[in-house]
Amino acid sequence: MGMATEAQFHVLAVDDSIIDRKLIEKLLRTSSYQVTAVDSGSKALEFLGLLEAEQRNLSPPCVSPGQEMEVNLIITDYCMPGMTGYDLLRKIKESTSLKDIPVVIMSSENIPSRINRCLEEGAEDFFLKPVQLSDVNKLRPHLMKGKAKGEEEEVDEEVEEQEEEEEEEEEFSSNKRKNVEESFSPDRTRARFNGLDMV
């Protein structure tokens with residue numbers, strides 16, 4: 001059952017190195033995640049529907065036309081030509097529709113200031129390359145957290161609806177009780193027996 005639930009998670013892997021990209025893709029698939037791998041930050045933004053929207057100056061859709069499922073997590077290399085992983089992280093966190101997607105940064109360089117900067121900007125984690133299966137196993141809590149944020153909004157709406165229904169039901173019940181109490185009031189009961197003689 002664990003495998004079936006993990007398969008619902010979709011990870012977008014971003015790395016300009018084909019070797020590192022294939023490695024992370026294989027590790028993610030081994031862990032039963034659905035994977036889309038791209039070789040640049042701009043292709044990641046394009047896949048997420050953010051690039052076209054940015055060019056048209058519109059708010060991006062959560063799911064782009066060619067994309068059939070939502071992305072639950074993004075794992076990206078830090079050092080890439082053009083747009084770095086840090087730049088990609090910032091674009092995602094600035095987007096109203098994508099900001100809740102967890103982002104994990106990978107790098108072959110262990111530079112504390114870089115790691116801290118990424119974590120401060122909103123990265124969930126920072127992995128040193130080469131990424132290993134033990135690193136991939138650390139993704140699950142981030143995936144659950146990202147999924148919970150989306151579900152939390154849905155649950156809040158459901159709770160509100162349920163509370164409204166309960167209030168309406170309580171009001172109806174209260175009115176019904178009031179009507180029943182009025183029908184059995186002493187004044188009303190006496191009025192029924194006033195014209196009767198005792199035998």
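User: What should I know about the model before we start?
Analyst: It is a predicted model, so local features need pLDDT of at least 70, side-chain atom pairs count only at pLDDT 80 or more, and totals for chains, interfaces and linings use all residues. Residues are numbered from 1 along each chain as its sequence is written, and side-chain values use heavy atoms, with hydrogens and water left out.

User: How many helices and strands does the protein chain have?
Analyst: The protein chain has 9 helices and 5 strands. Both are DSSP runs, numbered from the N terminus: helices are H or I with at least four residues, strands are E with at least two. Along the sequence the pattern reads α-β-α-β-α-α-β-α-β-α-β-α-α-α.

User: What share of the protein chain is buried?
Analyst: Buried residues are 35% of the 199 residues. Buried means under 20% relative accessible area, exposed means over 50%, and partly exposed is in between (1.4 Å probe, protein chains only).

User: And the contacts, what share join residues at least 24 apart?
Analyst: 63%, among contacts between residues at least 6 apart in sequence. Contact means heavy atoms within 4.5 Å.

User: Helix packing next. At what angle do H3 and H5 pack?
Analyst: About 25°, with the axes 9 Å apart. H3 covers residues 41-48 and H5 covers residues 85-94. Axes are lines fitted to C-alpha atoms, for helices over the stretch in contact, and angles run from 0 to 180 degrees between N-to-C directions.

User: What does that make the pair?
Analyst: H3 and H5 are therefore roughly parallel. Angles under 35 degrees count as roughly parallel, over 145 as roughly antiparallel, 65 to 115 as roughly perpendicular, and the rest as oblique.

User: Is the crossing of H3 and H5 left-handed or right-handed?
Analyst: H3 passes H5 in a right-handed crossing. A crossing is right-handed if the near helix is turned clockwise from the far one by less than a right angle, and left-handed if anticlockwise.

User: Which residues make the contact of H3 and H5?
Analyst: Gly41, Ala44, Leu45 and Leu48 come from H3; Leu88, Lys91 and Ile92 come from H5. By class, that contact has 5 nonpolar, 1 polar and 1 charged residues. Ala, Val, Leu, Ile, Met, Phe, Trp, Tyr, Cys and Pro count as nonpolar, Asp, Glu, Lys and Arg as charged, and the others, Gly among them, as polar.

User: OK, how do H5 and H6 pack?
Analyst: At about 10°, with their axes 10 Å apart. H5 and H6 are therefore roughly parallel too. Their crossing is left-handed.

User: Which residues meet there?
Analyst: Tyr86, Leu89, Arg90 and Lys93 in H5 meet Arg117, Cys118 and Glu121 in H6. By class, the contact of H5 with H6 has 3 nonpolar, no polar and 4 charged residues.

User: Switching to single residues. Is Arg114 buried or exposed?
Analyst: Arg114 is buried, with a relative accessible area of 14%. Arg114 lies in H6, residues 112-121.

User: What does Arg114 touch?
Analyst: Leaving aside neighbours within four places in sequence, Arg114 is in contact with Tyr78, Cys79, Ser107, Glu109 and Phe126. A polar contact of 3.4 Å joins the side chains of Arg114 and Ser107. That term means a pair of N or O atoms within 3.5 Å; within protein, one must be able to donate a hydrogen and the other to accept it, and residues adjacent in sequence count only if both atoms are side-chain atoms.

User: And where is Asp135?
Analyst: Asp135 is in helix H7, residues 133-137. Asp135 is buried, at 11% relative accessible area. Leaving aside neighbours within four places in sequence, Asp135 is in contact with Phe127, Leu128 and Pro130.
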